[in-house]
Amino acid sequence: MILVSSCLAGLQVRYNSTHCLDLKISKLIEENKAIPVCPELLGGFSTPREPAEIIGGNGDDVLNGKAKVVEKSGRDVTELYLKGAYTTLKKARDVNATVVVLKEYSPSCGSSMFYNGEFIGERITGNGVTTALLKRNGLQVMSEEQFADMVLM
C-alpha cells in the first residue's frame, strides 16, 4: 500500500484550498493501491489556513525541539504539525504502507526541500516534519517528483 498526500490526489486541502492533482497518483487511488492523507488536517488545521514555514532548522530539528513551525502572522503552530506527523505515522503503520509519496516544499511533507521560514518563496534542502518522522521510523518517503521519475524507469 502507498500513502499519498491528499493534495496530490486532487483534494483541495492545501493552505489556500487548492490541490496539486497528479494523475498517476489519482489512478493508484482509484485502483485501491494508495490512500490519501493530509498531515495538516490530521493535526487539526482547516482549509483554507494561513501559510506556515519551519523556522530555525528542518523537520528533524522540529522533532528534536530545536526549531518550530510558524504561520506568516507569527503564530507558533508546531504542536499541530507534530500531531499531524504522529497521526500520519500511525496511519502508515495501520495500512502497512511500504512507500509514502508526499508534496514537496511543504513544512510537513517536503522530502528534499521546504521553504526557508522567511515567507519570501526561497527553498532550502531538508525534510518537513512529517517526512522526518516517517523516515526516522524506517518508511520510504519521496516527493511526487521522485515518484514520477521512479515510475518512468
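This is a short walk through the structure shown above, which is a predicted model.

Let us begin with helix 4, which covers residues 78–94. Now look at which residues of helix 4 are hidden: Thr78, Tyr81, Leu82, Gly84, Ala85, Thr88, Leu89 and Ala92 are buried. If you look down the axis of helix 4, these buried residues fall within an arc of 160 degrees, so they line one face of the helix. Just after helix 4 comes Asn96, with a positive phi of about 55 degrees.

Helix 5, made of residues 129–136, is our next stop. Six of its eight residues are buried, so helix 5 is largely enclosed by the rest of the structure. Those buried residues are Val129, Thr130, Thr131, Ala132, Leu133 and Leu134. Take Thr130 as an example: with a relative accessible area of 0%, it counts as buried because the cut-off is under 20%. Which residues does Thr130 touch, not counting residues up to four places away in sequence? They are Pro39, Gly84, Ala85, Thr88, Leu102 and Ser108. Gly84, Ala85 and Thr88 are also among the buried residues of helix 4. Just after helix 5, Gly138 has a positive phi of about 85 degrees.

Is Asn127 buried or exposed? Its relative accessibility is 14%, so Asn127 counts as buried. The side chain of Asn127 makes a polar contact, at 3.2 Å, with the side chain of Lys135. Leaving aside neighbours within four places in sequence, the residues in contact with Asn127 include Ile54, Asn58, Gly59, Asp60, Gly110, Ser111, Ser112 and Phe114, as well as Ala132 and Lys135.

From here, turn to the largest pocket, which holds about 500 Å³ of space. Of the 27 residues that line the largest pocket, Arg14, Tyr15, Ser106, Pro107 and Tyr115 are the closest to its centre. Helix 2 (39–43) and strand 3 (52–55) are the elements that give two or more residues to the lining of this pocket.

Between helix 2 and strand 3 runs a loop, and Pro48 is found there. The peptide bond from Thr47 to Pro48 is cis, with omega near -5 degrees.

Ser17 lies in the loop between strand 1 (2–5) and helix 1 (23–30). Phi of Ser17 is near 65 degrees, a positive value in a residue other than glycine. With a relative accessible area of 26%, Ser17 is partly exposed. Asn32 is found in the loop between helix 1 and strand 2 (34–37). Asn32 is not a glycine either, yet its phi is positive, at about 60 degrees. How does the accessibility of Asn32 place it, buried or exposed? At 62% relative accessibility, Asn32 counts as exposed.

Methods. Residues are numbered from 1 along each chain as its sequence is written. This is a predicted model: local features need pLDDT of at least 70, side-chain atom pairs count only at pLDDT 80 or more; totals for chains, interfaces and linings use all residues. Side-chain values use heavy atoms; hydrogens and water are left out. Helices (H or I, at least four residues) and strands (E, at least two) are DSSP runs, numbered from the N terminus. Buried means under 20% relative accessible area, exposed over 50%, partly exposed in between (1.4 Å probe, protein chains only). A polar contact is a pair of N or O atoms within 3.5 Å; within protein, one must be able to donate a hydrogen and the other to accept it, and residues adjacent in sequence count only if both atoms are side-chain atoms. Contact means heavy atoms within 4.5 Å. The expected span of a helix is 1.5 Å times one less than its number of residues. The arc is that of the directions from the helix axis to the C-beta atoms. On a 1 Å grid over the protein atoms alone, a cavity is a set of points where a 1.4 Å probe fits but cannot get out, and a pocket is an open set with protein on both sides within 12 Å along at least five of seven lines; lining residues have an atom within 4 Å of a point. Grid points are joined across faces, edges and corners, and a volume is the space filled by probe spheres set on the points.
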